[in-house]
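User: Can you walk me through this one? I'm new to reading structures.

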Amino acid sequence: MQNRLRSEDITHYVLNELDSRERLYVESMMLDCEASREDVAAMMETVALLEEGMEAELKGLDLRLDAERRSMIFAQQPSQIWEGVWRVAATAAALAACVAFSVAAPVITKLAFRGESSKAAVAARQIITVDAVLAEEDPAAFPILVVGSGDSQSLGSALEDVPSRVLLPTGAVNFADMPMPYLGGDAN
Amino acid sequence: MFGTKAQKKTEWVQSAMVRYEKPLLQYSYSIVRDLERARDVVQETFMRLFKQEQEAIEGHLSQWLFTVCRNCSLKVLRSQERYVHVESSEFESRSSNEPSPAFEMERKERVARLMELVQELTPNQREVVRLRFQNFHSYQEISDITGLTVGNVGFILNAAMRSLREKMERDDREEKIIYLTKTA
């Protein structure tokens with residue numbers, strides 16, 4: 001039974017491209033196979049001749065770049081610096097824009113929504129009567145309590161002068177802006 | 001800050017040139033067969049290296065350089081549509097003119113004949129043989145440079161070596177026949 005190594009195994013072995021386990025296998029096979037040993041010897045001679053031939057081909061050639069070519073390689077240097085400068089500047093500008101936007105966003109949003117909340121308030125405005133306030137029909141609303149003569153007609157005209165309820169976008173009630181209820185006398 | 005970075009880049013490219021200038025010139029010359037064009041190719045290779053970020057290439061600098069060099073060399077070759085064949089007479093003219101023992105002479109003749117046979121290999125085989133025996137790249141490095149799989153590299157190299165050996169042995173047999181015929 002012929003038990004020879006494959007030709008690839010011998011080539012890979014000669015070129016030292018086998019791992020330790022494969023190498024051990026090939027060497028163990030070679031012990032009992034004269035033909036494999038001769039094959040390895042012939043392949044090693046071919047390798048030596050090839051390396052010698054490759055080296056001889058280049059003998060006498062000046063394998064170096066000339067000074068002009070070298071200077072052209074490193075002549076790219078200034079543009080590399082400017083490229084870095086522009087890159088850093090662009091990054092800084094983008095960061096500054098993000099910070100400015102984050103600072104200005106609440107103000108912009110407030111201005112945008114104030115118009116909306118005013119329109120909504122006008123659309124939803126109802127004459128708040130004392131009875132409705134006392135009946136707590138809209139417990140979420142901050143009532144504008146007008147204590148007056150109790151005359152609903154005068155109450156209505158009085159209510160036209162009273163500013164409507166204003167709510168900020170966050171839902172919080174700005175007490176500083178809220179008109180204090182008129183409690184009569186010098187309570188305010 | 002920018003000066004330091006530029007200086008580091010320059011030093012990096014310079015160290016790469018010290019290490020790879022000659023091997024790259026060898027490799028490019030083996031493809032384009034013209035020293036000046038090989039120098040142009042290697043110049044282009046290092047100019048491209050200068051534009052790269054060091055961190056992106058660190059760890060596989062050799063493969064990157066040889067791959068770029070290969071692509072540039074093939075582009076030069078295609079643009080000129082020229083295949084330069086090394087004539088045996090040209091190769092022999094480079095051999096030593098010093099008188100040598102018969103054994104050395106015979107060996108030089110065998111080497112010359114083998115290099116002629118290398119030119120008769122297929123382009124793939126020729127390239128893999130040169131990367132291995134001229135630039136001493138491993139199977140993995142040749143795979144990275146050429147885009148072939150490691151298995152393919154081994155297969156092609158084995159086929160090339162076997163082909164070269166068979167032709168050399170055939171030439172040896174033919175020489176013996178000729179010799180015996182003459183002496184008969």
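**Two helices in chain A**

Analyst: The axes of α1(A) and α3(A) come within 10 Å and cross at roughly 50 degrees. An axis is a line fitted to C-alpha atoms, for helices over the stretch in contact, and angles run from 0 to 180 degrees between N-to-C directions. That makes α1(A) oblique to α3(A), since angles under 35 degrees count as roughly parallel, over 145 as roughly antiparallel, 65 to 115 as roughly perpendicular and the rest as oblique. This is a predicted model, where local features need pLDDT of at least 70, side-chain atom pairs count only at pLDDT 80 or more, and totals for chains, interfaces and linings use all residues. Residues are numbered from 1 along each chain as its sequence is written, and chains are lettered from A and ligands numbered from 1 in the order in which they are written.

User: Which residues of α1(A) and α3(A) meet?

Analyst: From α1(A), I10(A), T11(A), Y13(A) and V14(A) meet S36(A), D39(A), V40(A), M43(A), M44(A) and V47(A) of α3(A). Contact means that C-beta atoms, placed from the backbone, lie within 7 Å. By class, this contact has seven nonpolar, two polar and one charged residues. Ala, Val, Leu, Ile, Met, Phe, Trp, Tyr, Cys and Pro count as nonpolar, Asp, Glu, Lys and Arg as charged, and the others, Gly among them, as polar.

User: How many residues of α1(A) are buried?

Analyst: Six of the eight are buried, so α1(A) is largely enclosed by the rest of the structure. Buried means 20 or more other C-beta atoms within 10 Å of the residue's own, exposed means 12 or fewer, and partly exposed is in between, with C-beta atoms placed from the backbone. The buried residues are D9(A), I10(A), T11(A), H12(A), Y13(A) and V14(A).

User: And chain A as a whole, how many helices and strands?

Analyst: Chain A has seven helices and zero strands. Helices (H or I, at least four residues) and strands (E, at least two) are DSSP runs, numbered from the N terminus. Buried residues make up 10% of the 188 residues in chain A.

User: New topic. How many residues does each chain put into the contact between A and B?

Analyst: Chain A supplies 34 residues and chain B supplies 35 residues. On the chain A side, α3(A) gives the most, with 11 residues. That side divides into 15 nonpolar, 10 polar and nine charged residues.

User: Where does Q52(B) lie?

Analyst: Q52(B) is in the loop between α2 (35–51) and α3 (54–57) of chain B. With 15 other C-beta atoms within 10 Å, Q52(B) is partly exposed.

Technical notes: Two residues are in contact if their C-beta atoms, placed from the backbone, lie within 7 Å.
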